[in-house]
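Me: Hi! Can you walk me through a structure I'm looking at?

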Amino acid sequence: MEIEDFRQHAHAFADWMADYLAGVEHYPVRAQVKPGDIARRVPAEPPAAPEAMARIFADFQADLLPGMTHWQHPSFFAYFPANSSPPSVLAEMLTATLAAQCMLWETSPAATELETRVMDWLRRMIGLPEGFAGVIQDTASTATLTALLTARERATGWRASGEGLATLGAEGLRLAVYASEESHSSVEKAATLAGFGRQYLRRIATDAAFAMNPQALAQAIADDQAQGLTPAAVVATLGSTGVGAVDPLEPIAGICQAEGIWLHVDAAWAGSALILPEHRWMIAGVEAADSFVFNPHKWLFTNFDCSAYFVRDPAALTRTFAIAPPYLETREAARVIDYRDWGIPLGRRFRALKLWFVIRAYGVDGLKAKIARHIDWAQELARQVAAAEDFELVAPPSLALFNFRYRPPAIESEDALDRLNRRLLDRLNDGGRLYLTRNLVKGRFAIRFAVGQTATTREHVQQAWRRIQETAKAIAS
Ligand SMILES: *Cc1c(COP(=O)(O)O)cnc(C)c1O
């Protein structure tokens with residue numbers, strides 16, 4: 001493609017992008033296609049001859065867009081948000097154009113130095129104490145794996161990576177990891193990938209609010225020690241994926257400190273709410289944590305992928321991940337940060353740029369106002385649901401998340417309520433006017449409602465409630 005053609009298409013795409021964001025509300029939120037519908041429209045053979053961009057773009061609109069779920073739709077209340085924003089998209093355009101590999105300081109000094117700076121901005125914004133150093137990872141899953149790998153190394157005196165787990169195992173070493181039964185599936189994945197073994201992941205019981213019970217944690221650790229196991233890491237969750245539960249960090253940190261256990265804090269979603277001081281009670285005790293992750297790509301208006309990983313001891317991190325083939329040696333290595341040593345992949349995108357754009361374009365006050373409103377609207381709706389005769393909350397609301405179910409008094413059987421709510425959810429999502437996620441709370445079917453999209457207003461939230469009530473009436477009659 002000639003550069004002048006590129007210019008022309010880029011202008012046309014920019015117009016399309018603005019129109020899309022202005023009109024995203026007119027698409028069905030969840031893609032309304034069946035498995036295979038989209039694949040059928042894409043030829044099995046790749047084109048041998050070049051095709052015109054106008055044609056490719058037309059096919060994108062006609063053949064692919066119907067198969068997209070519109071995450072930036074203001075009535076997207078499913079999963080957790082993966083919100084974005086115009087400043088973030090603009091930065092992504094620049095990142096894509098520069099297409100730099102930011103693995104070493106030398107391969108893009110600005111990317112490295114901006115990353116250090118904006119990660120420290122984020123640290124200050126969420127109230128993490130000084131001393132925590134940040135690095136951008138692709139996802140919280142990767143950050144948690146990174147944490148457990150570092151914990152494994154520290155617990156084995158950095159022997160696991162050198163001598164191999166098999167050698168340590170032959171000496172009788174068995175490592176254990178602890179997380180609440182509400183912890184994210186990425187914790188289990190990380191524990192298995194880091195070689196702990198799924199059987200040594202202890203799922204700690206939770207209390208009535210679905211938060212980890214610290215006495216149960218202490219007991220599990222003591223039991224393991226009595227059996228000759230070595231407790232290596234605890235993962236505390238702030239804002240669990242199901243119901244938004246917040247594990248009590250202070251007592252958990254006390255236990256970890258007393259036993260020399262690595263404490264990793266998974267605040268993937270809830271971490272963004274820490275920019276509001278009134279939610280900082282969640283991180284009381286965090287100064288004793290070894291690592292902490294939250295996702296600006298969830299609730300801080302920054303395009304996926306952008307996960308903020310903070311560690312108290314960067315030396316433990318680089319000792320686990322640094323590897324130095326001659327072709328990656330640089331003259332400045334001793335005086336600069338080479339972020340390739342702070343995680344798993346070598347190659348790195350220039351992801352700090354979008355954070356810099358977002359934080360500057362909104363200002364911290366603008367970001368605070370947006371998140372505070374999401375929380376207000378969700379809490380307002382949760383109160384309305386709790387007050388409605390035919391509905392009930394099935395867990396305490398947390399920040400901008402709550403779980404509820406339809407419960408007409410005439411229906412008493414739990415199985416019938418499960419079926420009714422499943423039908424209600426399918427009907428709502430098939431309608432395409434809003435999008436919600438299913439959940440199981442104490443084994444029963446629940447509907448999960450999370451507010452957090454950039455363009456969502458109070459009216460969208462209230463409109464969703466009206467739709468839920470109308471649809472519930474329609475399926476019950
Ligand atoms: C979303 C989520 C994750 C996983 O985030 P990714 O960035 O997609 O890996 C981990 N933990 C919690 C609590 C989450 O909500």
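Reply: Happy to! A word on terms: two strands pair if DSSP finds at least two bridges between them, and strands (E, at least two residues) and helices (H or I, at least four) are DSSP runs, numbered from the N terminus. This is a predicted model, where local features need pLDDT of at least 70, side-chain atom pairs count only at 80 or more, and totals for chains, interfaces and linings use all residues. Residues are numbered from 1 along each chain as its sequence is written, and side-chain values use heavy atoms, without hydrogens and water.

Me: Thanks! Which residue stands opposite F404 in β9?

Reply: That's L393. Strand β8 (residues 391-393) pairs with β9 over three bridges, in the antiparallel sense.

Me: And what pairs with β9 over four bridges?

Reply: Strand β11 (residues 444-450), again antiparallel. There, F449 of β11 stands opposite F402.

Me: Is β9 buried or exposed?

Reply: All six residues of β9 (residues 401-406) are buried, so the strand is largely enclosed by the rest of the structure. Buried means under 20% relative accessible area (exposed is over 50%, partly exposed in between; 1.4 Å probe, protein chains only). L401, N403 and R405 are on one side, and F402, F404 and Y406 on the other.

Me: New topic: which residues of α9 meet α10?

Reply: P214, L217, A218, I221 and Q225 in α9 meet P251, I252, I255 and E259 in α10. Contact means heavy atoms within 4.5 Å.
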